[in-house]
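Trainee: I would like to learn how to read a model like this one. Please take me through the main features.

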Amino acid sequence: MAATMRCSVGVQGAAGRAAAPRALASPAPFAGLRRANALDAKETCPIQQARAAVSRRAAAAAARAAAPRATTVMSANVAPKKILMLGGTRFIGLYLARQLIEAGHDVTLLTRGKKPVTYRIPDDTDASYERFASSVKHIACDRTDAVAMKAALANKGFEVVYDINGREADECAIVLDAVGAHNLQQYIFCSSAGVYKKSDQMPHREEDEVDFKSRHKGKLFTEELLQQRGVNWTSVRPVYIYGPLNYNPVEEFFFHRLKAGRPICVPGSGMQVTQLGHVKDLATAFVRILGNPKAARQVYNVAGERFVTFDGLAKACAAAMGLPEPEIVHYNPKEYDFGKAKAFPMRDQHFFASVDKAIEELDWQPEFGLLDGLRDSYEKDFGRGTYRKEPDFTPDDMILSKVKGKAFA
Amino acid sequence: MATLSARTAYSGRTSLQGSRPAARGVAASRRVQVLVRADSALIVNTKGGGHAFLGLHLAKKLLADGHSVTILNDGDQGKLSAKAPFSQYASLRGAQVVWGDPTNPAYYPEGPFDVVYDNNGKDLDTCQPLIDHFKGRCKHYVYVSSAGAYSPNDIEPMHVEGDKRKSSAGHVAVEKYLEEKWMPYTVFQPQYIYGPYTAKDCEQWFMERILRDRPVPIPGPGVQLTNLSHVEDLADMLARVPGNYGAVREHFNLVSDRCITLDGIAKAIAAAAGKEAKIVHYDPAQMGLKKGEGFPFRTGHFFASADKAKRVLGWQPKHNFLKDVDQLVRDFKASGRLDKQPDFSVDDRILAAVGYKATTVGASSSSAAGPAVSNAGVASLLSSGLITRQEAATFSQQQLEFLARKRSPSPGGATPRSAAAAPAAPAAATSGDVRQWLSRGLITQQEAATFSQEQLAFLARKRGA
């Protein structure tokens, strides 16, 4: 039982494939796994390498699922908790709530109630969705309304709060006051690596300087508030989250253009380095924090282990869709005024963080490398015809007109 | 791989669990314990290059840890003893230093040695005699290889142990031989190293230029990331091998846990020196440079992960470049190198090719108010809004004309540049726009009075973003 706690949602896909023998072939460009020291100098084509990496990963996941880990899996040994989750119905919360239910916890989602609280997602099976939908609870409330929150949450005995969508310190204060300190054991907060001050020296590490002028400063003030209140808090700083049902058009940006056969317009040199983190890995990290004494009053960067260039991400998305390498057009963003439209989904700078603290202290490891993560997102979402935002190719056409002399035809 | 149970350390290193910062690097379940005892180490050191001072600092660290150290140094003692790092050997208390050819067993010091470090060979011919001699005769065989042997990966650029290596690299042939021979090897893969007593320049290339107020020509966009590692941190990593059986038959990147952009190196040094970095980017492919000319580092991303060393060796760096840069500038100033006249002819060639013109006080170009034009041609480019005043002040006529051609609407009636700013807006701006830009502080009165509408529109867009 203990061993299967790890990643019940999502392992489905990986372990479902036949476990290939653990060949020590050359690692793929996108593999991202900690691998054995193979000194194989054979040149194999990138797609073959990628497939080899994916089947190695599947084999590893299957092996892990089959044999119990020697080390203690904290969450599996944690007694069931009464959990309140704020923001459990859009993206991260979907996977996190399911993992917590599977682990035997009592989970209540707090939302305004404007949208359905439970709905089937591609990673669900009939049985798993049935278990989830019948177990998860709901409280309808506006989290910014202090009075309503007190009425809804007082004396309900919540032991753990997962605050996934909190943005400002006041919002957090409302929750703390409403839930009450008596039973509260842990407050686990979703912050953002966007709080780090931009730097020439990278990666961002948890001890680095943060930017109190950034648009994420509310997250910093929340962390401060939690510390002041003496709560047992943990803050998680993801980088760019991706995966099926992402409401932020990160991979979707590339998928739209690739599907339309359009070139990908990348600002600057395309050598800017960034980092994606799969939502399921993020959910698992959140689960690992529960009941983990090491995590008390700590901040953790959580994302994939490898970093990717802007150009590289375009290529990886194409590979995930089974398409050949895309045409990439570079442009100088300063030469344009795109108005409110976003020409590119990512900050035009290096943006990546070290996750070695989370790996070390939370007994956590990202399951997805870049290629299999993007494949997962494509196969379970965009590739099925679903996406969140209609594409706006106006910025692309502006760029193409200028750089190539004509818009895309 | 044998795991050893926890033992008390002689050296006073705290064992496992202890306080937060110490334990942070390594989980109890995963760390292989280091037995501290007096080992006998042989360091075979190179006669020059970026690695040479690694041998010196490693010797220092091993001695401090209580081991006995013998150094076999390649090269001519007469020529090298006076130079850094070899001049510092005298300060190594208790180390034995002999000079000789590392490919000739006749020179090998009498053992026995528990651990052998080959910090010299770059190919199998050089390394093989040493390996063959010590097979079966040591507990650890450490080979200092190179991170340069990784195949470049333009998608996921960070090098992680186990990633594909260049099959043709000499170092890789040595690594394969160690594997085939079942040596108790540990391979370390360093990049660029800085610190006291180096035999080869690293950050000094930047200092030579910045501290002389010279521009710094950097190839490519300048965002390329590289590792710059302090030699003491790396010596510490290497010194963690003796007694650590978790290190056997493993590769480690011998690097800091931070990387830095090429522009960032220049900016950090400039800030430490109280100067402004004049960075000039160029395309190296257009320069016709010979090997070794131009920039001292690789021009693509070149950085590696140090996570494995932290996990398996329990290593933690104490340095990073930004922390050290003030001291590095002080050291450089104290070195007397600024009194010399380095050869900047390659720099000058590059700067000329990109049309770099220094802005100096008193020259005809100035960044202050007043049009900075030296001839009618440039004036017309300015008034057509195709170049900015900053460019007119800095670039050569040739460069300005190149830019003007590049930015002009192409002859086939393609969309003019200004249309990119506001969809369906006509090329010229109205005076109402000018008033708005003035009130928003995007243009000055001086500029409004002097420049064409198109130039003002250009500036407003550029500054308003």
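The dialogue below goes from the chains to a helix, the backbone and the cavities.

Mentor: Two ground rules first. This is a predicted model, where local features need pLDDT of at least 70, side-chain atom pairs count only at pLDDT 80 or more, and totals for chains, interfaces and linings use all residues. Residues are numbered from 1 along each chain as its sequence is written, chains are lettered from A and ligands numbered from 1 in the order in which they are written, and side-chain values use heavy atoms, with hydrogens and water left out.

Trainee: How many helices and strands does chain A have?

Mentor: Helices (H or I, at least four residues) and strands (E, at least two) are DSSP runs, numbered from the N terminus. Chain A has 14 helices and 14 strands. Chain B has 17 helices and 13 strands.

Trainee: What do contacts tell me?

Mentor: A contact means heavy atoms within 4.5 Å. Take contacts with a separation of 6 or more: in chain A, 82% of them join residues 24 or more positions apart. For chain B the figure is 75%.

Trainee: How do I check a helix?

Mentor: Compare its span with the expected one, 1.5 Å times one less than its number of residues. Helix H2 (residues 52-64) of chain B has 13 residues, so it should span 18 Å; its end C-alpha atoms are 19 Å apart, which agrees.

Trainee: Is H2(B) mostly covered or mostly open?

Mentor: Mostly covered. Ten of the 13 residues of H2(B) are buried, among them Phe53(B), Leu56(B) and Leu63(B). After H2(B) comes Gly66(B), with a positive phi near 95 degrees.

Trainee: What should I look for in the backbone?

Mentor: Look for exceptions. Most residues other than glycine have a negative phi, and most peptide bonds are trans. Here Trp182(B) has a positive phi near 55 degrees. Trp182(B) sits in the loop between helix H5 (170-180) and strand S6 (185-190) of chain B, and is exposed at 62% relative accessible area. Arg249(B) also has a positive phi, about 60 degrees. Its loop runs between helix H7 (231-238) and strand S11 (250-254) of chain B, and Arg249(B) is partly exposed at 23%.

Trainee: Which peptide bonds are cis?

Mentor: Among them is the bond joining Ala84(B) and Pro85(B), with omega about -5 degrees. Another runs from Gly111(B) to Pro112(B), with omega near 0 degrees.

Trainee: How do I read the cavities?

Mentor: Rolling a probe the size of a water molecule over the atoms shows where empty space is left. On a 1 Å grid over the protein atoms alone, a cavity is a set of points where a 1.4 Å probe fits but cannot get out; lining residues have an atom within 4 Å of a point. Grid points are joined across faces, edges and corners, and a volume is the space filled by probe spheres set on the points. There are twelve cavities of 30 Å³ or more.

Trainee: Which residues lie nearest the centre of the largest cavity?

Mentor: Pro203(A), Phe307(A), Met158(B), Asp257(B) and Asp307(B), from a lining of 20 residues. The second largest cavity has a volume of about 120 Å³ and is lined by 16 residues, including Gly304(A) and Leu370(A).

Definitions and conventions: 1 Å grid on protein atoms, 1.4 Å probe; cavity = no way out; pocket = protein on both sides within 12 Å on 5 of 7 lines; lining within 4 Å. Buried < 20%, exposed > 50% of the residue type's maximum accessible area, 1.4 Å probe, protein only.
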